[in-house]
Amino acid sequence: MTSPGGVAAKATEQDVASPSRAVPGLGPRYLPRVGLVALLFVAVILPFTLSNFRTFQFTQVLIYGIALLGLNMLTGYNGQISIGHSAFYAIGAYTTAIMIDRWNIGYGWTIPVAGLLCLVVGFLFGRPALRLEGLYLALATLALALSVPQILKYFEHWTGGSQGIVLTKPAAPRGLPLNPDQWMYLLTLCITLLLFVLARNLLAGRVGRALVAIRDNHIAAEAMGIDNALYKSVVFGVSAAYTGIAGALSAVAIAFVAPDSFDAFLSITFLTGIVIGGLATISGAVIGALFIQFVPNWAQDISKAAPWAIFGTFLIVFMYVMPHGIAGFCRLMWIRLTAPPVTRQEPR
Amino acid sequence: MHLFKRFLALLLVAGFFLAGPGAVTAQTVVGVTATEIKIGNTNPYSGPASAYGTIGKAIGAYFKKVNDEGGINGRKINYITYDDAYTPPKTVEMVRRLVEQDQVALLFQTLGTPPNSAIHKYVNQQKVPHLFVATGATKWNDPQHFPWTMGYQPNYQTEGKIYAAYVLKNVPDAKVGILYQNDDYGKDYLKGFEDGLGEAAKKLIVLKQSYEVTDPTIDSQIVNLKNSGANVFFNITIPKFAVQAIKKSHDIGWKPLHLLNNVSSSLGTVLKPAGLDASKGLITALYMKEITDPQWKNDKGFQDWMAWMKKYYPEGALDDQSNAFAYNVAMLMVQVLKQCGNDLSRENIMKQAANVKSFELPLLLPGIKVNTSPTDFAPIEQEQLAKFDGERWVLFGEMYDASKK
């Protein structure tokens, strides 16, 4: 699990930390930035060129992207495997739904509250989880994923039991000439950008290196003065917060929450997304989100009888061709194309 | 050349006027052309509820039969069904795809209470007919607030009331023990039953036990119910647990008056696995012919169904009541479209769906008729009690009609 991430992370380090290796001249160095700006431009004009239904689908991609980024921090960068992130997604969604439905609070306020609540829950869960490594942690988080839907049914007075809570889809603020789908998309895009910039700043610097160090060799990390316990539980909290915010946004976008929306399979889907997208990469979260949103639909269009078999085939092919995920694959290609000729010389 | 253009234009205009009325009105209606009508559906083909997916497939098989026989008023049904895996967010996405991208004329038999709850508001805002939803919840019969959504089967609360009426009338010193699934389905039954008992409910119900659908067994609940001294057992369980409950109570020698919910009344999938001897004396409320019950072997409706299954849906299971359910409800859909004639506007589809009068379906119990009106969006409201005699369900008592209570 750690090796593909390891390679990809090394690539990140090379990109960020050693500009001296880059080819002199503007082209290759500035191309990624130009690409980013172009991508942003496309993202902004998207809702004005697509149908409402497609806009809604891309809103879901952004929401998944946030959740995947959260999980990638924990699993990709820090090496803690979680099959429980559907639980944080559910907690975020229900926090928003209950605040809107029972207390009539504006949805805008509920999203940061959902994030904060998940930060605390994640941190607290991360504490005892410190004692669990690898597969044992995965099992503990699986328990979380399995129990949350049932707990939601138990507090029926708040959660509406298995009937769930029906919300109203928000309209754009007065004065903005946008329909609800366009508004929801742009709002989600802003939150996504904010969270991605925050994550990048967090992961590209000291904290990111510490997380990777803990993943690769926690004893060595400890010896270098990294507080393993603190980093591990904080990253658990932050990861849960990201996923919780994604859950909150999904509650607003779907305008309905029910325990059936948050089964353990959702966690597996998230995990699939980060592995396919690329472990320990930030762009991998978006790519993974595109994958989990659209590929199951394509699989269904190809074969009604066995869509998951087709999906499984896609997965195997992707893992075989791009073992470091799509982002990792692109990065390797990029390095290979732009690497200075020195590296290609025969050894003396 | 100039003259030719003018002539062509004239010809086009004339053509429009001649072909006009029919073609133009057909174009303004969504999802309908002169040769086709698009019907959208979501079903759980994967995920925890995928056993129900056979309903979506069987409906497609029935529409294929209709198309083979020439369609409805010359229009073939283009049936588009997507997998929602029983998860509400996926249902929302797929239903939006059906409505906004595929541009279906109507939605039919979308399956499950949570999935339908998620799209309830949306379809009513979009004014898309949302017909004969596949869930037994009570809330689909609300034409005043949701004029575009209509249920189909008798709801669970109604059925609960039927058992309550039976207990009040026939068991003078009743002590009732209840086992129910801890979700909306179980609680709907429970509510109907308690409402039916009314004031007496607190006194008569001695113990309520619940289970989760993910539990492996319910043995301990059955033992608790026996020890409570209950002499009436209201069994609100899905087939898997119904088998266990019937077996276990038989094995530990508990012989209450056993009321089994309709959900698990299948001879082939419940009573036979539980043991026909152990099942003797069970009472249930029926609205459909149990396809595994030998008494219908020579029934015309059953034989037609069998012939259709063999020809159009050979991979479907012949002991799965869901396939009979799908056959019936698809037939009702076709009836509504026939009633629409050539006006397939969404308004008229809804109007005709609310105008079904004493329509009989081949696999409903004899005497049960489908009736709807602008104030009654519950198509099937009749049920009859039946007792298992060790071989078949024997109908008894009068037909219960919820619309008349």
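Me: How many residues does the contact take from chain A and from chain B?
Reply: The model is a predicted one, and the contact is counted on it. Two residues count as touching if their C-beta atoms, placed from the backbone, lie within 7 Å. On that basis, the contact takes 21 residues from chain A and 22 residues from chain B.

Me: Which element gives the most to the side of chain A that touches chain B?
Reply: The elements of chain A that give two or more residues to this side are helix H3 (52-77), helix H6 (134-154), helix H11 (228-254) and helix H14 (307-321). The top contribution is 4 residues, and it comes from H3(A).

Me: How do the residues on that side of chain A divide into nonpolar, polar and charged?
Reply: Gly is counted as polar in this division. The side of chain A that touches chain B then has 8 nonpolar, 11 polar and 2 charged residues.

Me: How far apart do the C-alpha centres of domain 1 and domain 2 of chain B lie?
Reply: The domain assignment of chain B gives domain 1 as 36-154 + 298-382 and domain 2 as 156-286. Contact between them involves 9 residues of domain 1 of chain B and 11 residues of domain 2 of chain B. On the domain 1 side, these are 3 nonpolar, 4 polar and 2 charged. The C-alpha centres of the two domains of chain B are separated by 30 Å.

Me: Is strand S10 of chain B mostly covered or mostly open, and how many of its residues are buried?
Reply: A residue is buried if 20 or more other C-beta atoms lie within 10 Å of its own. Strand S10(B) spans residues 382-388 and is mostly covered. Of its 7 residues, the number buried is 6.

Me: In the hairpin of S10(B) and S11(B), which residue takes a positive phi?
Reply: S11(B), residues 393-395, pairs with S10(B) over 3 bridges in the antiparallel sense. One bridge sets Phe388(B) against Trp393(B). The hairpin has 4 residues between the strands, and the one with a positive phi near 100 degrees is Gly390(B).

Key
Residues numbered from 1 in each chain as written. Chains lettered and ligands numbered in written order. Predicted model: local features only at pLDDT ≥ 70, side-chain atom pairs only at ≥ 80, totals over all residues. Domains from an automatic or database assignment. Buried ≥ 20, exposed ≤ 12 C-beta atoms within 10 Å, placed from the backbone. Pairing = 2+ DSSP bridges.
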